[in-house]
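Subject: Structure for your review

Hello,

Please find the structure below, followed by notes on what was found in it.

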Amino acid sequence: MTHKPDESDKSGKKPRTEKPISFGLDSFGDIPTDDTGQLMTYAGAIRQVVKEAVLADKLGIDVIALGEHHRSDFSISSPETVLAGIATRTKNIKLASGVTVLSSDDPVRVFERFATLDALSNGRAQIILGRGSFTESFPLFGYELRDYEVLFEEKVQLMAEILKEKPVTWTGTTRAPLAGAEIYPRTESGRIHTSIGVGGSPESVIRAARYGFPLMLAVIGGSPERFVPYVELYKQAGAQFGTPTDEIGLHSPGFIADTDEEAVETAWPAHKINFDRIGHSRGWPPLKREHFDEEVAKYSLHIGSPETVAQKMAKTIRTLGITRFDLVYGGGPMPAKARLHMIELYATKVIPRIRELLAEDDKPGKKAAR
Amino acid sequence: MPDNRKALTILGAGKLGIVLAQLAVRAGYVVYIAGSAGAEKIRLTVQVLAPGAIAATADDAIRQSDIVILALPLGKYRTIPKELLADKLVIDAMNYWWEVDGERDDLANPQSSSSEVVRDYLGNPRLVKAFSHMGYHHLLDEAKPSGSPGRKAIAVAGDNQTDNESVAALVNDLGFDPLLIGPLHAGKQLEPGHEAFGANVDAGTLRQYVGL
Ligand SMILES: NC(=O)c1ccc[n+]([C@@H]2O[C@H](COP(=O)([O-])OP(=O)(O)OC[C@H]3O[C@@H](n4cnc5c(N)ncnc54)[C@H](OP(=O)(O)O)[C@@H]3O)[C@@H](O)[C@H]2O)c1
């Protein structure tokens, strides 16, 4: 392995038990197939996500995060509207975006929508801000790709101000200035939980620390271990800026079925369709089975039986010392039934097993082995 | 200077530049790395992610070594200080990525490869294309000592055989089997839209992908 997780030792790590790890699900609203093998409609796909979130809430999963996309393969372009629907039918589950593409949105509107969601859900709204890995929203909303950097930088800065829920005074180049603007509705808690999602860019990690936002690492390829130095970068940057850095989460794709074989055979065709569609616009050649198998075996695709996935997730959690893991599920046209079953296995088998594995590590005498 | 380690300069301190710096430090190179602005802006990143590498301005970094890797967004190639690169061995690791670079007619020319466009801009015939086809995460994960079973390959394309061999030696030092695929123009095979783009495979398989 390229990185030994020795950083956690230098940084005077706290025992993980101090903050319970939260486990989430993350969907982009991929279009599933129904019992007859037909692709659902976009509307059907959205209702399916609501159904899944209701199940997840009943089974005690901590978070449902919904991504924002503006392309034909995904049904969710307005996550907070779907989350609002979920809000009124659930009790405990946190309702997050994953991510809100801030560069092509208006921070004032973002706050208004999530504060509304927060009201409907009795304080369960969460925002994950990001640049997004797609660019469709730029032409759609009239933004220039070449302004990518400045749009995100300015809007994160404004968002950080708005989240304080005090009158906002701001000037910049990417939207109209605000002079002592009051933005409503105020939340009951006074703060919407807001993180920044980061891919592999070191600058984004430093930005998250600069504004004191929790970090959500998107690990969609390669080994999770390679993010160990990013965690260290986040902590050291936070130490320089005097901001808190104790909340670090990760989102990564996966799929769970009763056996390894069933999981892999269900995920592969859907994953391939998903990958090839996206790859086509980026110039990646079609995905080969051996490369998929390699990602499953060695890297960041958390696909397999409950035991396989639990072991893999526990390893990632240990190595990175994270406090949250959102599993991105249902990529590509997957049977809706398989998705529901996966959520059941995640809640009833995988999560308890991970907690057990992590508790074992914390027993005296085991620590040195970590 | 009594230091007889080899020196390497990397322009671009983003995802790819940092990984190349990590690999080169590990291979025993003295590494200079620069972003678009001053050294201060990338100092913490370099210190934490690629300890041992030296953060510098682009101009200073270029003066420190004879080999310079271009790891900045291709769309910004005209900001490269070309006068300073005149006598250097320059390695082009850049790809045309419309989502970052925007739609660019000069870079999407179906006849020439993007490396030829960069070579012509720099006016430097020693430009070699390498390290462009593998994702940065795989570069970090897959680097292995020479002779390791299942070692992955990096393609090298350039017009000058001596320079190609120097780059091949660097590829090997950084943890990959070099595969010489021909003149700079052959680097077209490695660009987005071609089978070798994204390839994280051994030399035999990569050879098939580029049609050798
Ligand atoms: N990411 C990959 O997996 C991968 C793999 C192979 C090849 N590539 C290619 O490598 C290049 C860089 O990609 P990336 O993903 O690393 O991008 P990135 O994360 O956005 O990093 C780009 C870096 O280049 C710097 N830069 C911009 N203009 C510069 C200049 N004139 N001189 C020196 N540095 C400059 C940027 O600095 P500022 O932040 O200060 O602007 C930033 O540090 C692209 O051409 C890409 O196609 C990428």
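With a relative accessible area of 1%, Glu142(B) is buried; buried means under 20% relative accessible area, exposed over 50%, and partly exposed in between (1.4 Å probe, protein chains only). The model is a predicted one: local features need pLDDT of at least 70, side-chain atom pairs count only at pLDDT 80 or more, and totals for chains, interfaces and linings use all residues. Residues are numbered from 1 along each chain as its sequence is written, chains are lettered from A and ligands numbered from 1 in the order in which they are written, and side-chain values use heavy atoms, with hydrogens and water left out.

The side chain of Glu142(B) forms a salt bridge with that of Lys298(A) (3.4 Å, N to O); a salt bridge is a side-chain nitrogen of Lys or Arg within 4 Å of a carboxyl oxygen of Asp or Glu. This pair crosses between chains, from helix α10 (residues 289-298) of chain A to helix α6 (residues 136-142) of chain B. Helices (H or I, at least four residues) and strands (E, at least two) are DSSP runs, numbered from the N terminus. Lys298(A) is partly exposed, at 43% relative accessible area.

A salt bridge also links the side chains of Arg282(A) and Glu99(B) (2.7 Å, N to O). Arg282(A) lies in helix α9 of chain A and Glu99(B) in helix α4 (residues 98-101) of chain B, so this pair joins two chains. Arg282(A) is buried at 12% relative accessible area, and Glu99(B) is buried at 6%.

**Other salt bridges**

Over all chains, the count comes to 40 salt bridges. One of them pairs the side chains of Lys164(A) and Glu161(A) (2.8 Å, N to O). Lys164(A) is partly exposed at 45%, and Glu161(A) is partly exposed at 31%.

**Chain A as a whole**

Chain A has twelve helices and twelve strands. Its C-alpha trace spans about 60 × 55 × 45 Å along the principal axes. Of the 370 residues in chain A, 56% are buried.

**Two single residues**

Met216(A) is in strand β9 (residues 215-218) of chain A and is buried, at 6% relative accessibility. Met216(A) and Thr41(A) are 175 residues apart in sequence and 31 Å apart in space, C-alpha to C-alpha.

Glu261(A) is in helix α9 (residues 260-282) of chain A and counts as exposed, at 60% relative accessibility.

Regards
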